[in-house]
Structure formats: structure tokens, C-alpha cells
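Here is my short note on this model. Please read the points alongside the structure.

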Amino acid sequence: MSRFFRQAADSDSESSDSEESLLSSDEDASPAKPAAPAKPAMSRFLRTANHSDSSSSESESESEDDSDNEDETQKEAKPKSRFLRDSDEEESDEEVKRVVKSARDKRLEEMEATGRTMDNALKINDWIAISNEYDKLARMVQRQQNVAEPIPPFYIRTLIGLEAALNAALAKEKEAKKKMNASNARALTAMKQRVRKTVKEYEKEIKHYNDDPETFEQEYAALAVPQVQARPEVVRRPAGVEGEDTEEFTQIGKGGKPTQYTSEGIYKSLQAIQEARGKKNTDRADQIRTLERLLEVAVTPYQRIRVLLALVSSRFDYNASIASYMPIEMWLSAQREIDSLIGILIDDVGYSVQEITDDYDDLVERTPESEKDGVVCIRGSIISFVDRLDDEFTRSLQNLDPHGNEYVDRLKDEKGLYCTICRAETLYEKKQLPDPLARVVMRRLEHIYSKPDTVLTALESAVATSNIPTKLSLASQSTPSALIHALCAHLYKSRNSVLRTRAMLSHIFHHALHNDFHTARDMLLMSHLQETVYSMDVGTQILYNRAVVQLGLCAFRSGLIKEAQSTLQDIFATQRVKELLAQGVHQPRYQSLTPEQEKAEKQRQLPFHMHINTELLEAAFLVSSMLVEIPMLASIDLEEQKRKAISKPFRRLLDFADRQVFTGPPESTRDHIMQASKALQHGQWEQCRDLIQDIKIWSLMPEAASVKEMLAKRIQEEGLRTYLFTFAPHYKTLSLALLERTFSLDRRAVNSIVSRMIWTEELPASLDQSAGVIVFHRVELTRPQQLAQILAEKVGAMVEQNEKALDIRLGGATVWGDRADGLKGDKRGEQAQERRGRGERRGGANTRGSRGGRGARFAQGLGSQMTKTR
């Protein structure tokens, strides 16, 4: 019968008897039954007024005695409720001994069990199982070393036996006719290599064990006995009474021993930290706290340098994730420690931190007196710390919201970072190390090349306040431009071609930022970077794109509209401006980026304060395209030639605007420019000027008032040229005074524009100065002449494509820094000169009618001179 139903039946029929038996059993408990079976305590939620714990347990025991002996044996194993135990039962419980094993004993038992498994696998020659168990045993031993316990003799004994078994198995395998299977053989070979490596690691212990096994085991037993310390008495003080000398908490290390850091044990602690670095269960925060305490007890400069090198490395290892950035507090601590490390190396010339040094003992104190050349060389890299500090600063700016106060607060830390870079520059100048010096100068240049003079002056004033004696400073160079030039000139002498290239691009960017267009353009063309930039790294390509874009903006601010349009054309033709400038991630239309590609793209992004306003850039490009494209469209008669566009992005937007049935008032920058283009086509230059000047984005450009004034003047001039191209077929003569009044230009400006158009043969006319009119000459091409002109243009384009393909095949392009004086590039120069000569000879084929171009005019002038000489 089920126990549940028996309990219910007993509780219904024998409730009174059970109560009487409970009273009698409680009063007459005799010691004659010490081994009475333990009764389970009933849950307190099932108790009633008529049923107690004892009665229910008594009734259950009686019914179980009558029906089932198995239940009785089960109830003997169950403990009785502690409220029903008497003194005799407590005495009987004390007689039962519990075996408590320490964690060390448990680890030893696990190791011995693993060793027995390996012995069993060795009997059947199962090297796969042996390999798995050996890995488990090695992890156990490593765990034991992590808790500062000695190596057990069992492990050394196992290594010796396993090495002998391996040698025997390999010898047997060579002589055996039937080889073991492939997986077992691979496991045997792998075990041979791992055991050999482990035996070499524990060579000293194995030799000691082979010499005297008993002594080895006795030493292990002596080291393994835990030291029992008396527990100090805790003196309770009354509330409100504070002790004058309150003791701080003592840190307890592994094994329950108090951890004490002294200057004598610094090197052992550093060695332990270095060995635990990079392992899976290593607490990085605890390592940093330990190194901070070691730095406090460090006495000698050598000790401080060693601890600072380990501490800075540990701080950089704290954040292992590439996607996130280093905590700001941790970054500031690392910056202070790098400054302290550089200060020690600058003050004491007897110590030097180098990446490549001779081997030395890490556990021995070293002084300059004990070295041969009087300099203690320590293995490390200051420039790597500076690079990582700068990269973490950039990464934090990439991950912060640029429109919040946190970004601005973080940006204030750039001043301290710039001072750290200048300190490192001073260190390498003093140590006379050219390669690290070039790298740190490049880092310094990257922080200031794109900044205005006021910001650069503020950074340099912080360096001067910190008393950092750098050779290249604003005080020694007098102007920010002179400082940039000095830094770049120093990098031009470097042996690293990447640094030379980046210095050149930074110099070009700085010249363009200060409206020195011709100098920046000449530097870009003379460096020939446009020929080799596609084979460089992504960061250098981004810097090249930024320099080209800034050069285009410089040309636009200077009023060089054609140069600005041709410079910005290549960037805007790709329709990926933000991606090329590292200011946004481009999403392909018909494919998606993988997570790795997207992560790499985000890591390349520039901080927000270094961005170039793409809307301002687009406005400058479209306005430049309008001033170049609209007069060119008005000057062409053939539809086939009109299809050829100088600026395809602008032509595409203009065609889309022409197809619109209804045009509302302009809202965006593009709407303003498109409506201004239509007004300019119709000769309404005032409306065009008003629409262009109403664009609000011009307020973000430096010297916005002068830029607007320049645009108004250029719109007047191009409006005059467009008017002459459009309405020239309808006039025989045109008064210059009318042009002056229509376009609000003086007589000198009108004469200059018309004379230039006649000289370049854009306008078939002549200027009558005495009458003050323009006399137009109608020249109409026949159909064969038009076809011949089109054919000549196509042949010229084909010849240019063939010459480009030939240049690529010959591979005449070289890096600007590798050119010798007249030795390289001679053949390429001859080819370019020959192309220019051919271009001049066919110059008259690219225009219509009597417009022969400069080549034709040169030929006519030369012919006239020859006629005169005859």
C-alpha cells in the first residue's frame, strides 16, 4: 500500500492512540533502545491540533513495521528533526565522524585519478586518451601553481614514466610491421613534442627527483603543510569612541597568507605578474592594483622604470575589446605614468628603454656602474606607449556623442596628450634615436596640421608652460606656418617613405588651409603622389583625399573657379564623398557589408572635430561647376557635343531640374544652385547672384563676406560670357555701353572679357574701339566639316587612351622621394613632351569653324613670320 494512503488511514483511525503513545513514549524514554530508527519530521504546514510531529512519525513507524521492512531501512537513513533529539541521540551523532578534505587533497586525488586513467590507456596503447588526460593533468598542475603550491612528486614521477613509455612506443612503432592507425600515430607524435617541452621546463625538478626521491618528497611535504596562525583577539570598542591608531585591512593572498610588498621582492612579483599576463582567468584589475603598490615601494630608478613599464602595459591590456574604448580614468592614469617614465629617463642618462637589447637577468638589480658602457638598457618601447595612448584617445572620440558635453570635455585632454608627445620628442632628441623620433614627430604633426593658428598657439603655449625643452617649438619658429614647415622638413629626411608621404600631404593641407593655393598645388604635382597613392595604406589614402578636398576649397576661396572644379571633380564623381574622407560608412546598394568590414570601416573614421563639412564642399563644387558648365553649354551648337559634360554630377542634377513640371521656391542648397543655373542660362545674372548668396552654408566658410563678393563678381562675368554665346547669332553689332549697363560692369572689365574671348577664338567677332561696338562674324560649318571635327575629337581621345595604356605598361611612375637628379623618369619625360607636342599639333581640330586654338594661332604666327623673312 502506498505510504501516502497509509498515512491518511492511520491519521483517521488511530489519532487518539497515537497521542497516548506519544505521551507515554516521551515520559518513559528508556536507554535500552539507543539504536531507535530516526523518524522524519513532518512539514509544519501539515500539522493540525490533533496531530503532532511525534504522533505522525510514531504511527507511520508502526504501520511500516507491519507492512514493509524496506521502508523501515529507508527511514533509518533519514535524520530526525533537531527539535526532537534528546541528549542520547546527540551523543550518538557525535560518534559518527565526518571526513573533511582540504582543497589541496582534493586536487591531489584528482591528479592521481587522472594518472591511473593514463596508466590504463597506456596498457592498451591508446595515445588519444593519453593525450586528453595529459592535457587535463597539465591544467591541474597549472592551477596548483596559481595558488602558490609546490609541484607534487606524483607529477614529476608521471612525467618520467611517460617519457620512458613514449621512447619505448616510438621504438616499437619503427620496428613493427603493422603500424597503428593514423589518428593514434598523430596523437603519439603530438605527445612526444609536448612531453619533451614539459620535461625541459621542469628539468631542474626532474634531476632533483632522480638524484634523491625521498628528499624531494620530504621537501614537498614540508612546503605543503599549512601554517596555522593564531587568530588575533578582536577588541570591541564602545560605540562613539574612535581609536587614534586604527589598523587598516591586511590583504590576504593565495594560500591564506598576508601579502606584503617590499623593494626586495619587486622583481619576483613582476615575474609572477608577467607569467600570469594574458591567461584566461587572470584578474587584470587585481594586477593593476598590485603594480600600483609595487610602484609605491620602489626605491631605485631601475625598479621604478621596470614597474612603470609593466603598469602601463597592464592598463592598456585592461580593455581587450577592439570595438570599445579604454576607460577615461584608466587613460588619464596611463598618461601620468608615461609622463613619469619619460621624466625619469630624461633626468637620469644612465638608463635607456630600447626595443632590442641584450639578454639580462630580470631578478637582479642593475645600476649604471655595473654595466660596461655605463648605460642600463631595459627592454621596452616608449614610442609604442605614445602610439597606443594616441590611438585610444582617437577611439574614445569616435565612440562618444559629438553633440554632447562629454565629447567637449574629452577633447580638452588633447592638450595633455600633446605635452606627452612633446616630452617623448625631447627624450628621443636627447638619446639621438632617429627612427622613434620621426614617429613621434609625425604624431605631433597629425595633431596640429589641420588646426587653425589660434588652437595651435594654445597647444604650444601649454608645452611652453610645462617646461618641455623641444628643439622644434613655436618660440623658436615664431609663426605656426614656420613650425609646420620645420616639422615636415625634419620628416622629409626620414628613411621611412610612409612618413615622408604623410608629411608631404600634411604640409599641402596646411598650405591649402591658409589659402596658399599655388604653393600647395605645386607641392602636390611635384610629389607625383597622384600616381602612387592607390598602392598605399588606407590611412594615407584618406589623408590624400582630405588634402585634395582642402586644395579645392582653397581654390574656391581664392576665386580660381576652374581649378576648384577640376580638383573636386574626381572626389564627387565617385558619389562616396563621406567614405573617401572617413566621415561615414558607405552602404553598397546591392550588397551588404560583413560585420568585420563594418567594424574596420568604423575604426577608420575620423573624430567629429576633424570633419570637413560635406554640405559646404558640395556647395562649392556645384557653384564652380555652374560657372564653368553654363557658359560652355551656351557656346556649343551641336547636340552631340552638348552631351559631353565637364561635370557629370552637375549635368545630372541640371537635367533632372529641367524635367520638373513645377518648380517651387528653393529649400536646399541644391535647389538654390539649380534655379540659379537656369537664371544664368537666361541671362538673369542678378537673380542668379541673389539665389547663390542666399545659401546659408556660406556662413561656415572662413571670410564669408569676401567669398560672397567674389561669387557676385564671377557671376557677372560668366553672365556676360553666357549672354554673348547665346545671342551672338542674333546680332551684327553690339554696343559695349549696353553690356556695361546690363551687367553693371565698367568699360575696362567689359573690354577685357570680350578681348579674351576673341583672342581665344571662342567668339567669332572683332572689337571696334572707336565706335565702342562688337562686330560679329558669322561662320557656319558645313555638314562634312562638322563630321570631320567629330572624327578628329574621337581619334584624339583614342590616342590619349593608348598613351595612358602604354604608360601603365611601361611602369614609369616612381615615388617622389625616390627620384634621382636626372637619372630616373627621363624616358617618361620624353614621352610627356612628345604627347604635348602632338596635342599642340592637333589643337585646331578640337574647335569649330575658324577657331583653331593656341596651336593653330602659333602655326599662323610662325607662318606669317616666315613670310616676312622671305
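What percentage of the 870 residues of the protein chain count as buried?

1. Burial. The answer is 39% of the 870 residues in the protein chain. Keep in mind that this is a predicted model.

2. Surface. The protein chain exposes about 52,100 Å². Carbon and sulfur atoms supply 52% of that area.

3. Overall make-up. The protein chain holds 40 helices and five strands. Take the contacts between residues at least 6 apart in sequence: 67% of them join residues at least 24 apart.

4. A helix pair. Two packed helices are described by the angle between their axes and the distance between the axes. Look at α30 (residues 614–635) and α32 (residues 648–658): their axes come within 9 Å and cross at roughly 75°. Angles of 65 to 115 degrees count as roughly perpendicular, so α30 and α32 are roughly perpendicular to each other.

5. From α30 come Phe 621, Leu 622, Ser 625, Met 626, Glu 629, Ile 630, Met 632 and Leu 633. They meet Pro 649, Phe 650, Arg 651, Leu 653 and Leu 654 in α32. By class, the residues of this contact are ten nonpolar, one polar and two charged.

6. A histidine to check. His 447 sits in helix α19 (residues 434–448). Is His 447 buried or exposed? Its relative accessibility is 7%, so His 447 counts as buried; the cut-off is under 20%. Leaving aside residues up to four places away in sequence, His 447 touches Asp 390, Glu 414, Leu 417, Tyr 418, Ile 421 and Leu 459.

Conventions. Residues numbered from 1 in each chain as written. Predicted model: local features only at pLDDT ≥ 70, side-chain atom pairs only at ≥ 80, totals over all residues. Heavy atoms only, no water. Axes fitted to C-alpha atoms, helices over the stretch in contact; angles between N-to-C directions. Helix = DSSP H or I, 4+ residues; strand = E, 2+ residues; numbered from the N terminus. Parallel < 35°, antiparallel > 145°, perpendicular 65-115°, else oblique. Contact = heavy atoms within 4.5 Å. Nonpolar A, V, L, I, M, F, W, Y, C, P; charged D, E, K, R; others polar. Buried < 20%, exposed > 50% of the residue type's maximum accessible area, 1.4 Å probe, protein only. Areas by Shrake-Rupley, 256 points an atom, 1.4 Å probe, with all protein chains shown as cover.
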